Amino acid sequence: MRRPTLAVRAQATDAKAAVTTPFASVKSEAEFFGTMDALVKAGKVRRPRGPRRQGASRVRPAL
Amino acid sequence: MPPHSLQFPEKLVPVWTDFYNNYKNAVLGSGLKDDTFVAEVQASIADRVLHQFMDPYEFPSYHTRITEPYDYFEFGQRYVGALINFDTSLVGGEDRLKTIAEQLKAGENVILMANHQTEADPAVWAHMTMAIDSHLAEQVIYVAGDRVVDDAMCKPFSMGRNLLCVHSKKHMFDDPDKVQAKQKQNRRVRGAAAPKGSWQETRGPARRARPRG
């Protein structure tokens, strides 16, 4: 019988993904649970802001 | 709830703590990986699960594995690979697997029957057969039930596999509002007419069914 080989790439990458979360940069158990706690306390996960549209106004238009 | 302000569910913390510790104990017990690897794998899963909370993926009746822009196949392989002892794991029936690979290459269809399939099985199958034939390892179509396509913790792993998404009789009436949609999806999967590009048209991939009972 043939022994299988472990042919896994070192790291699954997310280079082109449009959305990231704070977990993407975790490197340790303490960071993992720290991030989880922070997200629970914050109560939300925000999408990173994209580039502003050219010509878009920062001022809310008057009614 | 708008997608940009989704709450991280507090009830998930104890579940994930158990999940983390069980994975850590299993992986570190092998002596081949360290704490950093465990943290990075767990973080990658949490990252993907949060993506599901923010932007849920809906599985079509025939789902093709996603490898770009995020490689969900390698994501699953990496997680499960650390749980396999490759030094003591052997693949039996190599001759039959080679025969299957040859039949698939000739355009035949092969159906594999398995009972009590778990979420890890597709990754184990791919690891075990990769050394024999990469096509056989990667191009299986699995039959998926409700949980693997609905549960946010399962979905990222399912997204890396080719799936026929069906609803079992056991869970057909769990939610009365979804009965019609579930029945419609089941009919679509087994539909007599094979629309262009549908799974019925495909030739070559193995199909692994998971019958109930």
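View 1. Chain A has one helix and zero strands, where helices (H or I, at least four residues) and strands (E, at least two) are DSSP runs numbered from the N terminus. Of the 63 residues in chain A, 17% are buried, a residue being buried if 20 or more other C-beta atoms, placed from the backbone, lie within 10 Å of its own, exposed if 12 or fewer do, and partly exposed in between. Residues are numbered from 1 along each chain as its sequence is written, and chains are lettered from A in the order in which they are written. Because this is a predicted model, local features need pLDDT of at least 70 and side-chain atom pairs count only at pLDDT 80 or more, whereas totals for chains, interfaces and linings use all residues.

**View 2. Helix 2 of chain B against helix 3 of chain B.** The axes of helix 2 and helix 3 (residues 72-81), which are lines fitted to C-alpha atoms over the stretch in contact, come within 10 Å and cross at roughly 140 degrees, on a scale from 0 to 180 degrees between N-to-C directions. That angle makes the two helices oblique, the class left over once angles under 35 degrees count as roughly parallel, over 145 as roughly antiparallel and 65 to 115 as roughly perpendicular. Val41(B), Ser44(B), Ile45(B) and Arg48(B) of helix 2 meet Phe75(B), Arg78(B) and Tyr79(B) of helix 3, contact requiring C-beta atoms, placed from the backbone, within 7 Å.

**View 3. Met54(B) in helix 2 of chain B.** Met54(B) lies in helix 2 (residues 35-54) and is partly exposed, because 18 other C-beta atoms lie within 10 Å. The C-alpha atoms of Met54(B) and Gln77(B), 23 residues apart along the chain, are separated by 24 Å.

Conventions. Contact = placed C-beta atoms within 7 Å.
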